[in-house]
Amino acid sequence: MKVADRGVGDPVTGGAPAEGHPLDDGVVVAPMKRRHLRAVVAIEKHANPHPWSHSLFAGELKMPSSRFWVVARQGALVMGYAGLLVTLDEGHITNFAVHEDHRRRHVADRMLLVQFEEAVRRGVRDLTLEVRVSNAAAQGLYRRFGFAPGGIRPGYYNDNGEDALVMWTHDIASPEQVERRDALTLAMGSPLRTEEIG
């Protein structure tokens, strides 16, 4: 699989929770399992013009030494997913999306927090990702986590030839980075619940 086929999904988040969603709403971040794939693929088809297939996601789950996938769920309802590729001390957020009905509930923040924790546990120093140059909301999310622009990949997106902004964050285990993530966790207003992580 060539990770550079496309960038991450559209994990719009931030701001106040959507009306009718309590802050402490039982959202859990858990490792992705095969039983989640039907829901993951359904979200993927709406989030990306060139969606990954069920078989591609299933193949990713067979490579736990270099991949780490999570879902955000509420009970049996899958709300979003995120993937991490690890190569030595570098990590790449490969695919990331939140169902449109569950945005503005800090779902993306929760999944990114868990991905950072796992990346640190695996000895990753630096994280990178690609995002559409037009996707200001996603860029804002990543900036809150310490990502900064590192370059442009011209014509990266096959659907419309749009450029990708390459973003990096470095020294993710440093005290400053940990303090940043602790502040983001507090700002969510509800506990970060995880299941079977690590």
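Guide: Before we count anything, helices (H or I, at least four residues) and strands (E, at least two) are DSSP runs, numbered from the N terminus.

Visitor: OK, so how many helices and strands are in the protein chain?

Guide: The protein chain has five helices and eight strands, and along the sequence they follow the pattern β-α-α-β-β-β-α-β-α-β-β-α-β. Please keep in mind that this is a predicted model, in which local features need pLDDT of at least 70, side-chain atom pairs count only at pLDDT 80 or more, and totals for chains, interfaces and linings use all residues. Residues are numbered from 1 along each chain as its sequence is written, while side-chain values use heavy atoms, with hydrogens and water left out.

Visitor: What's the mean pLDDT of the chain, then?

Guide: On pLDDT, which is the predictor's confidence in each residue, from 0 to 100, the protein chain has a mean of 87, and 86% of its residues reach 70 or more. Over residues 1-7, however, the pLDDT is below 50, and over residues 12-24 the pLDDT is also below 50.

Visitor: Switching topic: is strand β3 mostly buried or exposed?

Guide: Buried means under 20% relative accessible area, exposed means over 50%, and partly exposed is in between (1.4 Å probe, protein chains only). Nine of the eleven residues of β3, which spans residues 77-87, are buried, so this strand is largely enclosed by the rest of the structure.

Visitor: And which strands does β3 pair with?

Guide: Two strands pair if DSSP finds at least two bridges between them. Strand β2 (residues 67-74) pairs with β3 in the antiparallel sense over eight bridges, with Gln74 standing opposite Leu77. On the other hand, β3 is also joined by eight bridges to strand β4 (residues 90-98), again antiparallel, and there Tyr81 stands opposite Ala97.

Visitor: What happens in the turns?

Guide: The hairpin of β2 and β3 has two residues between the strands, and Gly75 in that turn has a positive phi of about 65°. The hairpin of β3 and β4 likewise has two residues between its strands, with Leu88 taking a positive phi near 55°.

Visitor: How many residues are in the largest nonpolar core?

Guide: A nonpolar core is a set of buried Ala, Val, Leu, Ile, Met, Phe, Trp, Tyr and Cys residues joined through side-chain atoms within 4.5 Å. The largest one has 34 residues, and among those with the most contacts inside it are Phe96, Met111 and Phe145. Its largest share, eight residues, comes from α3. A second, separate core of 14 residues includes Val40, Val41, Val71 and Val78.

Visitor: Why would such side chains gather?

Guide: In soluble globular proteins, nonpolar side chains tend to be buried together.

Visitor: Last topic: how many salt bridges are there?

Guide: A salt bridge is a side-chain nitrogen of Lys or Arg within 4 Å of a carboxyl oxygen of Asp or Glu, and the structure holds nine of them. One of them joins the side chains of Asp109 and Arg144 (3.1 Å, N to O), and this pair links distant parts of the chain, with Asp109 in helix α3 and Arg144 in helix α4, 35 residues apart.

Technical notes
Contact means heavy atoms within 4.5 Å.
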